[in-house]
Amino acid sequence: MRETGVVRDVVILGSTGSIGTQAVDVVRRNPERFRVVGIAAGGGDVGLLARQALDLGVEVVAVARASAAQDLQLAFYAAAQAAGFSAGEARVPKILAGPDAATELAGSTSLPCDVVLNGMTGSLGLAPTLAALEAGRTLALANKESLVAGGPLVKAAVRRPDQLVPVDSEHSALAQCLRGGRADEVARLVLTASGGPFRGRSRADLTSVTPEQALAHPTWSMGPVVTVNSATLMNKGLELIEAHLLFDVPYDRIDVVVHPQSLVHSMVAFTDGSTLAQASPPDMRLPISLALGWPDRVPGAASACDWSTASTWEFEPLDESAFPSVGLARRAGALAGTAPAVLNAANEECVEAFLAGRLPFLGIVDTVAAVLDGHEQDGVRNSPAVSDVRESLTVSGVRNSLTVSDVRNSLTLADVLEAETWARDRARTLISGSSTA
């Protein structure tokens with residue numbers, strides 16, 4: 001990382017999504033601090049991707065859909081013309097296309113880069129996460145699924161303290177609170193949850209929930225997958241696993257509490273009875289800016305709490321009978337190995353089926369639980385100690401790719417991908433059976 005006061009070069013993965021567009025806004029408002037040198041997206045909105053590339057003056061654009069490369073180039077020319085550029089005046093960025101484009105961008109050694117912000121959705125963000133860490137970049141991680149699915153691999157790829165910085169508001173809050181004490185003074189981590197759109201409802205009340213209702217989050221504006229995960233509270237389950245992996249706190253010392261106002265983003269309880277909380281109005285630009293500038297804060301990143309007016313902050317216990325996803329995630333995390341990857345992959349398939357009208361709302365977590373049960377019965381691969389993985393990754397002082405040959409008898413990327421494929425296939429089978437029943 002460069003010295004404070006020098007502009008940091010940033011790569012944004014998932015630049016057209018919710019996190020990505022807010023990250024672009026943070027950069028635009030702080031040109032003296034940040035400069036975007038590369039962006040990546042799936043390719044569903046080449047018009048927006050082209051406008052971002054033009055406005056930010058990036059050097060490289062990566063698009064996952066290889067067929068979208070030509071469309072992206074044409075969209076760039078159209079954006080340049082609309083912006084008043086003469087023919088040939090706007091510099092066309094280098095275009096990387098294909099399923100590995102984001103990974104290539106994240107790990108490129110020819111591109112000046114200090115921070116990679118991974119705002120991709122789903123476990124497909126794992127390979128770019130590993131590439132960024134292996135290249136020595138600071139990773140601002142919003143793609144929690146990559147850490148959940150490949151936890152030991154990601155932790156083993158971290159080369160230095162503070163190389164992995166969380167973007168999720170809850171984990172950003174925990175990281176801030178943990179500055180208030182030593183590791184041996186931490187008693188518990190407390191993750192807060194808004195409760196989603198169905199807070200206070202019983203399981204019986206959720207039998208006829210529609211996608212439109214699940215997508216109506218009361219506090220946050222997010223992508224469809226994350227919003228549905230917030231409605232089932234699977235998002236909080238994934239965040240539970242993420243907190244354990246980020247901060248090395250045992251699962252039995254991590255709690256989840258419902259806080260509908262979404263002002264307190266998480267808390268840390270210390271051994272002397274003190275509890276530190278991080279509070280701010282719900283605005284993802286605050287944790288994004290902090291992750292990009294870590295460990296420094298970015299003045300004016302977001303609005304502060306208004307202490308001049310009366311307000312009520314509520315905290316409620318989690319109803320695990322109506323929302324069993326947190327307990328399910330806790331079980332998967334404790335199983336370790338490939339179990340968290342199975343949990344996440346099955347959930348992604350189930351959310352997609354729910355949004356397509358092929359699975360009822362309650363069927364999401366029920367199906368994920370059935371997939372996890374099957375995986376456990378088949379035998380879960382135990383996760384090795386991170387130190388063992390880290391040692392096996394170094395040969396003659398050179399860190400190698402995470403492959404079976406490099407990490408024998410350890411969790412490998414191949415293991416994770418194989419487990420995810422199995423979980424997706426198993427979930428699809430169960431979904432198909434439920435839709436024809």
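This is a predicted model: local features need pLDDT of at least 70, side-chain atom pairs count only at pLDDT 80 or more; totals for chains, interfaces and linings use all residues.
1. Let's start with the charges. Side chains of opposite charge can pair when their charged atoms come close. This structure holds 21 salt bridges, and the next points pick out some of them.

2. Take Asp184 and Arg182: they form a salt bridge, with the closest N and O atoms 3.1 Å apart. Buried or exposed, where does Asp184 fall? Asp184 is exposed, at 55% relative accessible area, and Arg182 is exposed too, at 51%.

3. Now look at Arg188 and Asp255, whose closest N and O atoms are 2.7 Å apart in a salt bridge. This pair links distant parts of the chain: Arg188 sits in strand β8 (residues 186–193) and Asp255 in strand β9 (residues 254–258), 67 residues apart. Arg188 is partly exposed, at 29%, and Asp255 counts as partly exposed at 27%.

4. Arg199 and Glu316 also meet in a salt bridge, at 2.8 Å from N to O. Arg199 lies in the loop between β8 and α9 (211–214) and Glu316 in strand β12 (residues 316–317), so this pair ties together parts that are 117 residues apart in sequence. Both count as partly exposed, Arg199 at 37% and Glu316 at 23%.

5. Salt bridges can share partners here: Glu348, Glu349, Arg424, Asp425 and Arg428 are joined that way into one network.

6. Leu74, Tyr77 and Val92 make a nonpolar surface patch of about 270 Å². To find Val92, go to the loop between α3 (69–82) and β4 (94–97); Val92 is partly exposed, with a relative accessible area of 32%.

Definitions and conventions. Residues are numbered from 1 along each chain as its sequence is written. Side-chain values use heavy atoms; hydrogens and water are left out. Patches are made of residues with over 30% relative accessible area and no salt bridge: like charges are joined within 9 Å, nonpolar side chains (Val, Leu, Ile, Met, Phe, Trp, Tyr) within 5 Å. Accessible areas come from the Shrake-Rupley method with a 1.4 Å probe; for residues, only the protein chains shown count as cover. A salt bridge is a side-chain nitrogen of Lys or Arg within 4 Å of a carboxyl oxygen of Asp or Glu. Helices (H or I, at least four residues) and strands (E, at least two) are DSSP runs, numbered from the N terminus. Buried means under 20% relative accessible area, exposed over 50%, partly exposed in between (1.4 Å probe, protein chains only).
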